[in-house]
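Here's a friendly tour for anyone meeting this protein model for the first time. Have the sequence and the 3D view open, and take it one stop at a time.

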Amino acid sequence: MAAMLVKPQQLRSIPSFLLPFAHSQGQARCFHQQVKAASIPPPTPFVPDTQTFLTLIGRNLSQHASKIDSWRALFTLSSAELKELGVDPPRSRRYLLRWREKFRKGQFGVGGDIQHVKDGKAELRVIEVPAPNRRKGLATLTPGTKKIIINVVPGTSETIVPEQHVPVKGYSIKGAHTIVGPHVLPMKGGRSVKIEVKEGLWEERRGHKIDGGERRQAEVRAKRRGEEKRAR
């Protein structure tokens, strides 16, 4: 019997749904291309390394600084990997990861936007700068002055040109030239203060549980009322 010849035009391509492996492999490759690794933010003058970051956020996390050997590791280690390194309890890991994401987004604590830092210390000073006052209905500007708080190079006179003045966030002026805000240390002369890296400067305090917290609150209070009735 002569072999049956099949013309190329009669061949049909196999539907993609009949090739699950190839289909899923393509999907995985596409998904991998779409998901990008989280960015690693650069250190800042006030937060130059892992030790400083863990010291600032507090909750005794600075004790784990030797376990996280680089800035890259600080921003790439997963919760499971941190657990393997001995960063416990779980709430400490969650707290660290939350602060890590805030820093990644530029949401710093006080002093995080400071540029001039020496040995973990920064100097803030009150200065007056031109402040144009716009009158309603007039196109012209009447020059005036306003007071702002800026960061200056520690131990030097302020020499930044007015256009480069960047107000420091998180602090305010009280009276003529008194800088008020968290963890400020007055300096001689009264017009400048300094802030320095120290344990817990950025720490978010944990809430205080009353009567055992939400889960046991009803039970604890019912037991207390019973004891009060018996004591009458």
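## A histidine to start with

Is His-183 buried, partly exposed or exposed? Keep in mind, before looking, that this is a predicted model. His-183 turns out to be partly exposed, because its relative accessible area is 37%. You'll find His-183 in the loop between strand 6 (178-180) and strand 7.

There's something else to spot at this residue. The phi of His-183 is near 60°, a positive value, and His-183 is not a glycine. For background, most residues other than glycine have a negative phi.

Look for Leu-124, which faces Val-193 of strand 8.

Now over to the helices. Helix 5 spans residues 90-104.

Which residues of helix 5 are buried? They are Ser-92, Arg-93, Tyr-95, Leu-96, Trp-99, Arg-100, Phe-103 and Arg-104. As a general point, an α-helix has 3.6 residues a turn, so residues three or four places apart point the same way. The buried residues of helix 5 pack against helix 2, helix 3 and helix 4.

Both ends of the helix deserve a look. Pro-89 lies in the loop between helix 4 (79-84) and helix 5, and the peptide bond from Asp-88 to Pro-89 is cis, with omega near 0°. Just after helix 5 comes Gly-106, with a positive phi of about 80°.

## Rings meeting rings

How many aromatic pairs does the structure hold? It holds eight. One of them joins Phe-53 and Phe-103: the ring centres are 5.6 Å apart and the planes stand at 90°, so this pair is edge-to-face. The pair links distant parts of the chain, as Phe-53 belongs to helix 2 and Phe-103 to helix 5, 50 residues apart. Phe-53 and Phe-103 are both buried.

Together with Trp-71, Phe-75 and Phe-108, they form one aromatic cluster.

## Charges over rings

Where does the charged end of Arg-59 sit? It's over the ring of Tyr-95, 3.9 Å from the ring's centre. Arg-59 itself is in the loop between helix 2 (50-57) and helix 3 (71-76). Its relative accessibility is 19%, and the cut-off for buried is under 20%, so Arg-59 counts as buried. Arg-59 also has a positive phi, about 55°, although it isn't a glycine.

The charged end of Lys-102 sits over the ring of Trp-99, 4.2 Å from its centre.

Definitions and conventions: Residues numbered from 1 in each chain as written. Predicted model: local features only at pLDDT ≥ 70, side-chain atom pairs only at ≥ 80, totals over all residues. Heavy atoms only, no water. Pairing = 2+ DSSP bridges. Helix = DSSP H or I, 4+ residues; strand = E, 2+ residues; numbered from the N terminus. Buried < 20%, exposed > 50% of the residue type's maximum accessible area, 1.4 Å probe, protein only. Phe/Tyr/Trp six-rings, centres within 6.5 Å; stacked < 30°, edge-to-face > 60°. Lys NZ or Arg CZ within 6 Å of the ring centre and 35° of its normal. Contact = heavy atoms within 4.5 Å.
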